[in-house]
Amino acid sequence: MNIRHLSSLLCLLVLASCATPPDSETKPLGENVLSRDAIHAAKHGPVDFVAHVKPVLEAKCVMCHNRQALPGHMSLASRSEAQRTKTLGTYIVPGHPETSLLVANVKTVHQNVSVMPAVGERLTNDEYAIINKWVKEGAAWPAGKAGTLEIIR
């Protein structure tokens with residue numbers, strides 16, 4: 001094999017190794033952050049922000065969706081930031097998941113754009129259902145420390 005063929009083969013192998021299937025380890029489908037009992041409680045009773053929503057947002061969303069990481073974009077670090085209205089709409093519209101950008105973007109942007117989320121796991125169907133139900137129930141989000149998300153890096 002001459003050097004030109006060997007170089008071409010090497011380039012092809014390098015490019016092939018860079019291709020990432022949609023369900024690869026760099027963009028895993030995700031595992032539930034909540035326990036089975038917590039998921040069952042949220043699906044069959046009222047959704048509690050601290051017990052059901054906050055752990056999911058902290059583990060899978062707020063690392064990017066905060067004012068420091070994405071200035072001027074959706075921030076979920078606190079209730080006041082998450083309920084802001086931007087050019088494209090309102091992030092969270094209590095009682096209306098169908099018009100809340102948070103709910104809409106999880107199913108569309110994060111599922112179809114190959115780079116989202118840039119780091120970490122996508123929300124599971126259970127987590128999406130819980131956030132959707134929480135918004136539908138009025139998106140109760142406590143003030144103070146209980147309602148402030150820790151930015152985990």
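**Helix H2 and its neighbours**

Modeller: Take helix H2, residues 36-44, and helix H7, residues 125-136: the two pack at an angle of about 35 degrees, and their axes lie 10 Å apart. This is a predicted model. The crossing of H2 past H7 is left-handed. On the H2 side, Ile39, Ala42, Lys43 and His44 make the contact. H7 supplies Asp126, Ala129, Ile130 and Lys133. Sorted by class, the contact of H2 with H7 holds 4 nonpolar, 3 charged and 1 polar residues.

Now look at H2 by itself. Ala38, Ile39 and Ala42 are buried. These residues cover an arc of only 100 degrees around the axis, so they sit on the same side of H2. The general rule is that an α-helix has 3.6 residues a turn, so residues three or four places apart point the same way. What do the buried residues of H2 pack against? They pack against helix H3 (49-60) and H7. The face of H2 turned away from its buried side carries Arg36, Asp37 and His44, which are exposed. His44 also belongs to the contact with H7.

How far does the predictor trust this part? In the protein chain, confidence is highest in H2, at a mean of 97. It is lowest in helix H1, residues 3-18, at a mean of 45. Over residues 6-27, pLDDT stays under 50, and the model has 12 contacts beyond four places in sequence for that stretch. The protein chain averages a pLDDT of 77, with 71% of the residues scoring at least 70.

How values were computed
Residues numbered from 1 in each chain as written. Predicted model: local features only at pLDDT ≥ 70, side-chain atom pairs only at ≥ 80, totals over all residues. Heavy atoms only, no water. Axes fitted to C-alpha atoms, helices over the stretch in contact; angles between N-to-C directions. Helix = DSSP H or I, 4+ residues; strand = E, 2+ residues; numbered from the N terminus. Left-handed = near helix turned anticlockwise from the far one by under 90°. Contact = heavy atoms within 4.5 Å. Nonpolar A, V, L, I, M, F, W, Y, C, P; charged D, E, K, R; others polar. Buried < 20%, exposed > 50% of the residue type's maximum accessible area, 1.4 Å probe, protein only. Arc of directions from axis to C-beta. pLDDT = per-residue confidence, 0-100.
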